[in-house]
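This briefing walks through a few features of one protein chain, taking them topic by topic. Please keep the sequence and the structure beside you as you read.

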Amino acid sequence: MRDLLPPAQISRQSIMDVIDITSGLRFPEGPVAMADGSLLVVEIERGTLTRIGEDGGQAVVAQLGGGPNGAAIGPDGHCYVCNNGGFAWVEDAFGLRPHGIAPDYQSGSIQRVDLKTGHVETVYDRCDQEPLNGPNDLVFDAAGGFYFTDFGKIRRRHQDRGAVFYATAGGSMIREVAFPLLTPNGVAISPDETVLYVSETEPARVWAFDLEAPGQIRKRPWPSPNGGRLVAGFGGYERLDSMAIDREGNICVAAIVSNGLFVIAPGGAFRHVKLPGAYATNVCFGGPDLRTAYVTLSSLGRVIAFPWETAGLRPNFFC
């Protein structure tokens, strides 16, 4: 496993050239930059998939219910959504935040949305007869399948152990590929698709899983708890959320507590990019040259954008 840099060696910068794309959303996450310049986001508390125009205007694409979380475009051009099944919420001077499990929670699911009609269907709600607890984020590979994290649910006195799954877009196959993880959240694939990255929220760790083929992980032996190798672990009180990869292979993972992005270079150097506002959760790259970073500031209901120094990694099914 890679040696970790001590926190003192993390370089820090602040982003000042920030544009407010839109506001007033109900806990936005899962941003997807579209070729026409619009942006798709989920609104977790509202239970919708929402399109944001270049002018900041908002239009509901689909009513998803539960707790829609990560989103990605699949090989059929539809939008696939991880639905965590729903949270309870608290709203105060610090904004809107999830707080435990929804009173009407039943299970999580993977949903497919026809962007032209808004039709929603459930593709998966279980694996090997075990229900999905809280799907959180997903990423498609070049073969047309997708990896997704199941964060699980946190209850008053206990919580689920999380996992990573691989599934086909058509609904014919789903299997668990990594277990156990503690609150797995973001998931991304390296530019050459030989490594799968997963962030854990509560321990603030990033894991790497070597891929032998689509949906096949070459697991490391004990003492690895899940077959992965540890890429980063952040000291102090931090919580990680979703992530994206740029074309240079840098891992850009949202940091909720310090409000910004941790950027982990392929060579192992860390830096922290500080953002204005609070509760940064998700990042994606868009714009004509994929050099614009879009970040959701979820508790404030905002989406911001700013220039990125390298091009983002183009999604496999960009449309």
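Predicted model: local features only at pLDDT ≥ 70, side-chain atom pairs only at ≥ 80, totals over all residues.

Strands, as the word is used here, are DSSP runs of class E with at least two residues, and they are numbered from the N terminus.

- Thr183 has a phi near 50°, which is a positive value in a residue other than glycine.
- Thr183 counts as buried because its relative accessibility is 0%, and buried stands for a value under 20%.
- The loop between strand 28 and strand 29 (292-297) is where Leu290 is found, and with a relative accessible area of 1% Leu290 is buried.

**Cis peptide bonds**

- Phe179 and Pro180 are joined by a cis peptide bond with an omega of about -5°, and Pro180 has its place in strand 18 (residues 174-181).
- Trp222 and Pro223 are likewise joined by a cis peptide bond, here with an omega of about 20°, and Pro223 lies in the loop between strand 22 (216-217) and strand 23 (229-233).

**An antiparallel sheet**

- Strands of a sheet pair through backbone hydrogen bonds, either parallel or antiparallel.
- In this model, four strands in the order 7-8-11-12 form an open sheet with antiparallel pairing, and strand 7 and strand 12 (120-124) are its edge strands, each pairing on one side only.
- Neighbouring strands of this sheet are turned against each other by 30° on average, with direction ignored.
- Strand 11 (residues 109-113) pairs with strand 12 in the antiparallel sense over four bridges, and the bridge partner of Val113 in strand 12 is Val120.

**The two largest pockets**

- The largest pocket has a volume of about 630 Å³, and of the 32 residues that line it, the closest to its centre are Ala72, Leu138, Val139, Leu313 and Pro315.
- Several strands each supply at least two residues of the lining of the largest pocket, among them strand 7 (68-73) and strand 15 (135-140).
- The lining of the largest pocket divides into 24 nonpolar, five polar and three charged residues.
- The second largest pocket has a volume of about 400 Å³, and it is lined by 23 residues, of which Phe87, Pro98, Phe151, Ile154 and Arg239 lie nearest its centre.
- By class, the lining of the second largest pocket has eight nonpolar, ten polar and five charged residues, and strand 10 (residues 95-101) gives the most to it, with three residues.

Note on methods
Residues numbered from 1 in each chain as written. Heavy atoms only, no water. 1 Å grid on protein atoms, 1.4 Å probe; cavity = no way out; pocket = protein on both sides within 12 Å on 5 of 7 lines; lining within 4 Å. Points joined across faces, edges and corners; volume = space filled by probe spheres on them. Nonpolar A, V, L, I, M, F, W, Y, C, P; charged D, E, K, R; others polar. Pairing = 2+ DSSP bridges. Axes fitted to C-alpha atoms, helices over the stretch in contact; angles between N-to-C directions. Buried < 20%, exposed > 50% of the residue type's maximum accessible area, 1.4 Å probe, protein only.
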